[in-house]
Amino acid sequence: MAAVLAGLGGALPAGVVTNDDLCRELDSTHEWIETRTGISERRMVAAGQSTRDLAVEAGARALKSAGRSEVDAVVVATTSADRLCPAVAPEVAHQLGLGTVAAYDLTSACSGFLYGLASAVGHIASGVADSVLFIGAEAFTTMVNPGDRSTAPIFGDGAGAVVLRRGTPDEPGAVGPFDLGSDGSLADLLAIPAGGSRQRSATGGPGHDGVPAEDWYLHMAGRPLYVQAVERMTASSRAVLDRVGWSVPDVDVFAGHQANVRIVRAVAEELELPDDRVAVNIDRVGNTLAASIPLLLVDAAVRGRLNPGNRVLLSAFGAGLSWGSTVLHWPDLSVEEVC
């Protein structure tokens with residue numbers, strides 16, 4: 001048995017925030033941001049809009065793409081859930097009219113799509129489910145200090161979703177194998193210090209008065225993360241290509257997590273993949289964490305960069321530290337453009 005990609009959809013908030021918009025509050029310029037990240041604009045949630053709202057919209061489009069109104073399970077990968085408890089996935093399933101199906105969240109930051117995809121594939125391969133709606137969704141700009149020029153320009157909000165169904169390994173759209181990894185010794189390189197049990201137990205409760213304001217926002221060590229991202233994504237990509245028996249020239253499209261265009265290009269260079277085989281949309285959406293790769297796939301599909309039969313390599317790196325890669329032959333899908 002195999003899990004086959006049967007539907008794809010995305011969602012973006014309406015609000016477009018350009019580099020010039022950000023620079024009215026930051027000590028930066030459009031040129032500085034674009035040169036270092038490749039980002040010109042990103043989408044941000046409006047007041048009251050949440051991860052759940054984006055997940056529901058993307059999920060509905062993926063179900064429409066697949067021609068389905070039912071699935072056996074819903075999985076949501078997010079690092080910016082609406083609440084610490086409960087998970088957002090049961091609400092998403094309810095909003096989509098999917099009834100009392102199994103639904104849960106997982107958190108693996110920018111690697112969330114690869115980890116969640118592996119989890120969803122596992123449900124189908126093991127016989128637990130015949131179909132799964134898997135969504136990567138983030139309103140992560142709410143977790144970033146708007147006055148920090150090292151992080152505020154990087155992130156954007158959005159959601160991307162896929163429908164997987166039971167099939168056979170030789171079908172177009174069959175997903176896998178996977179390569180997954182982590183290194184918790186470097187967890188502090190990318191973290192939000194406050195809000196969890198570690199901070200609460202140390203302060204005797206939420207402890208708002210005793211916690212520096214910046215600890216409620218993302219802390220990022222940029223240079224060490226860049227080095228780790230390039231090294232881990234390159235090694236993981238090579239590992240999964242070895243497992244499936246592909247060589248690098250076999251790859252038609254490399255869909256790498258859109259954290260920073262320099263990381264994507266550096267990994268492609270290490271793999272000796274030409275630029276015309278590298279999908280990029282970070283310039284228009286920023287880093288959307290777990291939503292990054294599915295939004296990239298939507299963009300590539302509607303722009304004609306992905307065609308049936310293409311061999312696609314997916315790879316991501318994120319907080320944890322964590323990373324992962326997988327492959328598939330692109331199927332014939334009807335995909336709606338995300339505006």
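Student: How do the residues lining the second largest pocket divide into nonpolar, polar and charged?
Tutor: There are 15 nonpolar, seven polar and four charged residues. Ala, Val, Leu, Ile, Met, Phe, Trp, Tyr, Cys and Pro count as nonpolar, Asp, Glu, Lys and Arg as charged, and the others, Gly among them, as polar. This is a predicted model, in which local features need pLDDT of at least 70, side-chain atom pairs count only at pLDDT 80 or more, and totals for chains, interfaces and linings use all residues. Residues are numbered from 1 along each chain as its sequence is written, and side-chain values use heavy atoms, leaving out hydrogens and water.

Student: What volume does the second largest pocket have, and which residues are closest to its centre?
Tutor: Its volume is about 560 Å³, the space filled by probe spheres set on grid points joined across faces, edges and corners. Of its 26 lining residues, Ile154, Met220, Gly222, Asn260 and Ile263 are closest to the centre. α7 (222-244) gives the largest share of this lining, six residues. Helices are DSSP runs (H or I, at least four residues), strands are E runs (at least two), and both are numbered from the N terminus.

Student: What makes a space a cavity and not a pocket?
Tutor: On a 1 Å grid over the protein atoms alone, a 1.4 Å probe fits in a cavity but cannot get out, while a pocket is an open set with protein on both sides within 12 Å along at least five of seven lines; lining residues have an atom within 4 Å of a point. The search found one cavity of 30 Å³ or more. The largest cavity has a volume of about 50 Å³. Leu5, Phe113 and Val162 are among its lining residues. The lining has nine nonpolar residues, no polar and no charged.

Student: Why are β1 (2-11) and β5 (102-106) said to stand at the edges?
Tutor: The open sheet runs β1-β7-β6-β4-β5, with mixed pairing. β1 and β5 each have a single partner strand, so one side of each lacks a neighbour in the sheet. Strands pair if DSSP finds at least two bridges between them. β4 (residues 73-77) and β5 have five bridges, in the parallel sense. Val75 has Tyr104 in β5 as its bridge partner.

Student: How do you know that α5 packs on the sheet?
Tutor: α5 touches β1, β4, β5, β6 (131-138) and β7. Contact means heavy atoms within 4.5 Å. The direction of α5 makes about 165° with that of β6. Axes are lines fitted to C-alpha atoms, for helices over the stretch in contact, and angles run from 0 to 180 degrees between N-to-C directions.
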